[in-house]
Amino acid sequence: MGMVEDTVVKAKEAFDVAAKKTNEVIALQKLKVSASAVNSQMTKAYGVLGRLTYDMHVTGKDNTTAIDALLEELDGYQKELEALEGKIALAKGLKICATCGQKNSAASDFCGKCGSKLGAAEKQSPADEQDSE
Ligand SMILES: [Zn+2]
């Protein structure tokens, strides 16, 4: 076992670390691309929703069935987006507060916003109640 082999092993290790890092960056990039794809689907759905609603207003036609279907679709996108955002936070090494949804650094034991104890990373919807607006 000479110096050369030693160097090769070290280079291989450095390469593995770099490759792992690259894979993490790619994984994060993929998640971000998926999230933005879901986002643009949602934007489209909002557009259709607006048209259906306005069409109903102008023509008096009953579009509620189509609107309900669209709202269901949007619920699905919303859940998908939340799941992706959770994964993105995890990929960045963040801990998401189960109580308020705040993203905290992986080193934190308690939430920086609400003070809840941060356990294993698990995702829970922070706002289940309706906004009164
Ligand atoms: Zn919190």
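**Confidence first, then a loop glycine**

Tutor: Happy to. Helices (H or I, at least four residues) and strands (E, at least two) are DSSP runs, numbered from the N terminus. This is a predicted model, in which local features need pLDDT of at least 70 and side-chain atom pairs count only at pLDDT 80 or more, while totals for chains, interfaces and linings use all residues. Residues are numbered from 1 along each chain as its sequence is written.

The part to look at is Gly101, which sits in the loop joining strand E1 (94–96) to strand E2 (103–105). Gly101 counts as partly exposed because it has 19 C-beta neighbours inside 10 Å; a residue is buried with 20 or more other C-beta atoms within 10 Å of its own, exposed with 12 or fewer, and partly exposed in between, with C-beta atoms placed from the backbone. From Gly101 to Cys111, 10 residues apart in sequence, the C-alpha to C-alpha distance is 9.2 Å.

Now the setting. The protein has two helices and two strands, in the order α-α-β-β from the N terminus. Of its 133 residues, 6% count as buried. The average pLDDT is 86, and 88% of the residues score at least 70. Over residues 121–133 pLDDT stays under 50, and the model has 12 contacts beyond four places in sequence for them; a contact means C-beta atoms, placed from the backbone, within 7 Å.

Terms used: pLDDT = per-residue confidence, 0-100. Contact = placed C-beta atoms within 7 Å.
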